[in-house]
Amino acid sequence: MKKLLALTLAMLMVLSLGTAAFADEDPVKMTLILRDGTYADVIEECLPAFEEEHNVTCEVQRLSEDDLRTGIALDAINPVGTYDLCMVDGSWMAEYTENGVLANLTELGYELDDDIIPATTTICYVDDQLYLAPYYGNVTVLMYNKANVEAAGYKPEDIQSLEDILAICQKAQADGKKGFIYRGDTQNNLVVDFLPILLSYGGWVVDEDNKPTVDTDEFKAAMQFYLDLIATGDAEVKDDLIASVDTGAGTMGIGWPGWYTPTADSPADYIALSGAATADAEKYNSNVYGIWTIGVPANAPHPELAAQLVEYLMDPDVQKSTVPSGGVPCRYSSLQDEDVLAEYPQYEVVCAALESGMYRPVIAEWTEFFTTLGTEMDNIINGVKDIDTGLADAQAALEELMG
Amino acid sequence: MKKKQLTVAHLQSRRFGVGMLTPTMIVLLVMTAYPLFFTVYYSFTDYNLLKQLRKPANFIALKNYTDLLKNEYFQQAIWNTVKFTVLAVVFEMLIGFGLALLVHSLTRGQKVMRTLLLLPYLLPTVTVALSWRMMLSPNYGIVNQVLQALHLPVYNWFSDIRTAFGMLVLIDVWQSAPFVFLLLYAALQSVPQSQYEAARIDGANAFKTLFYVTIPNIKNSLALCALLRTIDSFRLFDKVNLLTGGGPANSTATITQYLYNFGISSLNFGFGSAGAVIMTVLVLILSSFYIKRAMG
């Protein structure tokens, strides 16, 4: 009896081993590290089809901007990393590629197609080799409250210069509302909020040799204008800014398309900045990119699969399918599609802004750069230093930083 | 023979002691000594997390320390931290002690009061920070709405240089005073009732009873509370980072926030390590003062 039982158990073991051997292979687990918010939402909703097709499971880590940058960097020091795909802000590109954090997508067999807006791809290459793909077309826009603008006697198409913006905000302030709302909570937000104004005055933070240029006449004029403009409103965090403009408590603010989806009935909308300081002044490219790109870490555990995932996520049809969920592809086929524009007319504005946008300086020291500049701007805004002193101090500190 | 037996027993006892200590020593070495050693080591280098992928960090002697101590924003961060610590600890001690005396004196409802008063301390700091941010929001915050209804001036609490620092102190006191309350309330339970009765018979009023009976009996607990709160307040980071980011105009930048902005965010861990060492030294100096007083 015991022998029979032992024999039966042994046969069962052999059978189960055999079954396991012939069973389907376990799916490969891929890990994605993404920027939290709409940016990750639209990627996550596209993943099931890829998972099914490639027999993989994708785990998504959604992080804040700071945590995302640090998370990718911390993982980069491991011989084999955790992440297969990472979302990268354009301004981190120089730091990452200089230090070999990202895999060469050209070598992995992926190339960008012609449908992608060319200006958005400028930072994606190093020596003609592709490292990143522009996924989410974030670009600065001017968010405004429709009723407040109308009350100031303006139509959106009449806002042709920074002068007009100031006039509208001053009128709103006179009416007991807040004019311009700015993000003063971090140095990064402060600098990025200000860059479109600086560009409209023909200034920039570095010259063509990446030498700091913050103590210039253009910068001082833009700073003086910015002080006048923000005096009409308040410093608020992102959610408060959106709520302010949406409710009409505030009138305008620099925003990003990913923040707000305007409709015909919504109380707020956005336009691209004209790039002119005054009605007669020269027009400059004044839309600043905050494009979220996707790439593959150099130490990704499954680089080939990851490259396929990049290709899949960048597919024109897949990208267009994300539009109803708030996706903003950097593609003509999505942004100029008649059906898309019929339902989301604001994409025309986004497309124009993306065609003429500016990336933040592609320098490895950008984080230290904006921290230093933002700190001095914060001092000027709060009256701790005057414009001349603050910008001279910033210039000196930045020159030391950039060597 | 007896001596030999004693030696064996002694050896066994020592071996047992070492065996019991070893796991703790290993954990301490791995979790405390190792990071501490490397923090001190990195503080003398230009270690940058990403740059060291290309080339190893260089030994730069005291450059990180001299750069830090010369930096006006770091000096301001030290001053802000000291100011915050003093204000927060004083208010937390006063309020916590007051609450402990009040609850201790209650004849009914002590348990309910104890639980209710502890609630802020039980909340995660992120929840506390976000709740206060909502309450003090310039748009939909209840505080400004109440002030407006009372025709009082309203503020943009976290962005106004006049109010941001005070708000951080207020929130920290609100959250941490219950901790002081709990410790001192427990200490009050141990004060012998006979001493209170003797004081009453001698005709001591409440004020004298407090200073000649209660405080001398719980002075070690008071010192411990002050020590723990000082160390904790000195390390303040999460509330500042979530609510003000160190602004406006560096008025709320603490040492940890400064190190985060200029060291950790930039991945300059060598620079950040030097700041951490300076902070540790400052905390040790403050702590040793308390420990000396309490034990002494």
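Visitor: Which residues of helix 15 of chain A do A:Gln187, A:Asn188, A:Leu190, A:Val191 and A:Phe194 in helix 7 of chain A meet?

Guide: Those residues of helix 7 of chain A meet A:Trp366, A:Phe370, A:Thr371, A:Leu373, A:Gly374, A:Thr375, A:Met377, A:Asp378 and A:Ile381 in helix 15 of chain A. A contact means heavy atoms within 4.5 Å. Helices (H or I, at least four residues) and strands (E, at least two) are DSSP runs, numbered from the N terminus. This is a predicted model, in which local features need pLDDT of at least 70, side-chain atom pairs count only at pLDDT 80 or more, and totals for chains, interfaces and linings use all residues. Residues are numbered from 1 along each chain as its sequence is written, chains are lettered from A and ligands numbered from 1 in the order in which they are written, and side-chain values use heavy atoms, with hydrogens and water left out.

Visitor: Why are helix 7 of chain A and helix 15 of chain A called roughly perpendicular?

Guide: Two packed helices are described by the angle between their axes and the distance between the axes. For helix 7 and helix 15 of chain A, the angle is about 80° and the axes are 8 Å apart. The axes are lines fitted to C-alpha atoms, for helices over the stretch in contact, and the angles run from 0 to 180 degrees between N-to-C directions. Angles under 35 degrees count as roughly parallel, over 145 as roughly antiparallel, 65 to 115 as roughly perpendicular and the rest as oblique. The two helices are therefore roughly perpendicular to each other.

Visitor: How many residues apart are A:Trp366 and A:Phe369 in helix 15 of chain A?

Guide: A:Trp366 and A:Phe369 are 3 residues apart in helix 15 (residues 366-381), about one turn of the helix. An α-helix has 3.6 residues a turn, so residues three or four places apart point the same way.

Visitor: Why does A:Trp366 count as buried?

Guide: Buried means under 20% relative accessible area, exposed over 50%, and partly exposed in between (1.4 Å probe, protein chains only). A:Trp366 has 2% relative accessibility, so A:Trp366 counts as buried. A:Phe369, at 0%, counts as buried too.

Visitor: What makes B:Phe74 and B:Tyr258 a tilted pair?

Guide: The centres of B:Phe74 and B:Tyr258 are 5.3 Å apart and the angle between the planes is 55°, which puts the pair in the tilted class. This pair links distant parts of the chain, with B:Phe74 in helix 3 (residues 72-105) and B:Tyr258 in helix 11 (residues 255-264) of chain B, 184 residues apart. B:Phe74 and B:Tyr258 are both buried.

Visitor: What makes the charged end of B:Lys83 sit over the ring of B:Phe165?

Guide: A charge sits over a ring if NZ of Lys or CZ of Arg is within 6 Å of the ring centre and within 35 degrees of the ring normal. The charged end of B:Lys83 is 4.5 Å from the centre of the B:Phe165 ring.

Visitor: Why is A:Asp128 called exposed, and why is A:Asn210 called partly exposed?

Guide: A:Asp128 has 68% relative accessibility and therefore counts as exposed. A:Asn210 has 31%, so A:Asn210 counts as partly exposed. A:Asp128 lies in the loop between strand 4 (125-126) and strand 5 (129-130) of chain A, and has a positive phi of about 65° although it is not a glycine. A:Asn210 is in the loop between helix 7 and helix 8 of chain A, with phi near 60°.

Visitor: Why is B:Gln110 partly exposed?

Guide: B:Gln110 has a relative accessible area of 21%, so B:Gln110 is partly exposed. B:Gln110 is found in helix 4 (residues 110-122) of chain B.

Conventions. Rings of Phe, Tyr and Trp (its six-membered ring) pair if their centres lie within 6.5 Å; planes under 30 degrees apart count as stacked, over 60 as edge-to-face and the rest as tilted.
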